[in-house]
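Okay everyone, thanks for coming. Let me put the structure up, and then I'll walk you through a few spots in it.

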Amino acid sequence: MASVCKDYILEHFSEALENGCIFPFFHPIYRTMTGKITCAEALARWSDPQYGLLSPADFITILEDEGLIFDLDMTILEKACKMYSDLKVAGHLLHSFSVNLSRQDFKHEELFDRVNQILASYDVPHESIKLEITESLMLEDLESFKRTFTRFTDAGYTVWIDDFGSGYSSLNMLQNYSFDLLKLDMLFLRDFSEQKKKMIASVINLSKSLGFHTLVEGVEEKEQLEFLRDAGCEAVQGYLLAKPLSGQELSDLFEDQPSLVETLEDKYYWNSIGQLNLLSANPLEEFEGEQDLYASNQVALLEISEESMKHVYVNKSYLDCLVELGYPSLEDLEDAFNNRKSDQYLMLKKMMDEAVGTGMIREIEYINNDVFYRLRAKLLARMKDHAMVALKLSTFDSDREIETAKEMLSYGNALFSTYELVVMFYPDCNTANRIYTTHNLPVYDREATIHISLRKFCEAEVAPMDQERYMRFLDFDTLKDRIKAGKRGFISGFFRMCWGQERYNWYVARVTLLPSAGEFAIMLTIQALQQEESDCVDRLSHEHPEYFV
């Protein structure tokens, strides 16, 4: 097709708009886990009597430069809303359409009101229209853009960042705006090398950590689709799955395959599941808002009903763990569970029921096939008759356990050597246990009560001017409440101690609240200050004695 000159575009634009020669094609967006269409992007097309069907590349930039893009974008939005309404009447409701907004659109003060009016005229809910904006748009007139952005999000619109990674300020955009979804630029998929895979996985990991959904466009090969699914990318778009379709073609597709479109209930269900970060080292904890830096990454998604369970996602590490447990395949494990052949069926069923019932992480530990394993489960989402649970499986053999124990002992000794004293207190049981000391101290933790032990240590080792304050610091009746009030899991204070010497020096004492099978347990650590630190604290105690009362 011959190229279209700028003058031709500008001369015929208004006429094409009025005559309906400019209209949207709809590019389906598929959910990776289900293969169903979850949304469709409305893309402008121009059917010209002289040049035929024009692509956006022929006219979008020209219209932006000449300040005409607003009329185009509002026209495409209106026709997308009409498509929503037409599909609803036909009984093939597609619950989401995405439309692109240009940087020029945000210079129009009436943008927000105009969008609202168009949706209202077709009775389209705000959450059904996804507004796609490019990151370059956010670099112009930041204050004006931020005001309009906030109006849209406050009104219930979903905002996507389009072509993420194509600009130079992507990370700044993520910290300044709360997007619903990051749409990765198709340039990421060119030259699909191992380096590119690492880059894509890193962006998906970052997006999920920040609570954003993910979509990759330009998917043209099966290898790309499989990689993105395994990496936890929730949605994809590209010629491998479908080309952009006319409105009639989209309607015909849904007429022929009505089950291909995602229901609204499915959408909410899978959006909740999509918040799980499959690339995280601690996916269950991160989903719950907590972190476990030493967690491994054997992860699966398990859909369970009253009678059966079915894996919908597993990673290689999870499969390797199953082999260690004596299950050569997923089918073997599912068969053992669904037919109640497994010795652990009741135990697993109870854990799953508790995970679904409470919404909290549930865990079991067991030995099977001479392998010790730990299985953790977390509810992601539920529907009427089934629920999706995330699983994290860890296996340990005796040799690895021994090596791990040796390592932990080595690390523990190195850590304890930085303290003068480490003591565990169990106030509810009225007992204490000295874990470590660098000094040849008398054994203070063998007295009849922990209060007597504490008093004897204080009188012997703590400077007289600090003894009353030290006893208040370790008042077991108020200690738990004071630690919790601090919201850091510990409290600390500076005290002068002698450790059997004639001279008192400054030390920092820290009391940390520890989980211990439901009982109240705390760990006291006492550490010497460096000379410069000690001098600073000494000077502070003289200049501001009120801090040491």
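This is a predicted model: local features need pLDDT of at least 70, side-chain atom pairs count only at pLDDT 80 or more; totals for chains, interfaces and linings use all residues.

So, let's start at Thr-158, which sits in strand S6, residues 158-164. Residues are numbered from 1 along each chain as its sequence is written, and side-chain values use heavy atoms, with hydrogens and water left out.

Is Thr-158 buried or exposed? It counts as buried, because its relative accessibility is 12%. The cut-offs are under 20% relative accessible area for buried, over 50% for exposed, and partly exposed in between, using a 1.4 Å probe and protein chains only. Leaving aside residues up to four places away in sequence, Thr-158 touches Glu-127, Ile-129, Lys-130, Leu-131 and Asp-180. Contact here means heavy atoms within 4.5 Å.

Next up, helix H2, residues 56-65: its buried residues are Phe-59, Ile-62, Leu-63 and Glu-64. And what do they pack against? Helix H1 (6-18), strand S2 (37-48), strand S3 (52-54) and helix H3 (69-90). Just after H2, have a look at Gly-67, which takes a positive phi of about 70°.

Now for charges. Side chains of opposite charge can pair when their charged atoms come close. I'm calling it a salt bridge when a side-chain nitrogen of Lys or Arg is within 4 Å of a carboxyl oxygen of Asp or Glu. How many salt bridges does a search of the whole structure find? The search turns up 23.

One of them joins Asp-86 and Lys-82, at 2.9 Å from N to O. These two are 4 residues apart in helix H3, so about one helical turn separates them. Asp-86 is partly exposed at 37%, and Lys-82 is partly exposed at 41%.

Over in helix H17, residues 464-473, Arg-472 and Glu-468 are also 4 residues apart, about one helical turn. Their side chains meet in a salt bridge at 3.4 Å, N to O. Arg-472 is partly exposed at 39%, whereas Glu-468 counts as exposed at 59%.

Last one: Glu-41, Glu-132, Lys-183 and Glu-217 are linked in a network of salt bridges. That's my tour, thanks!
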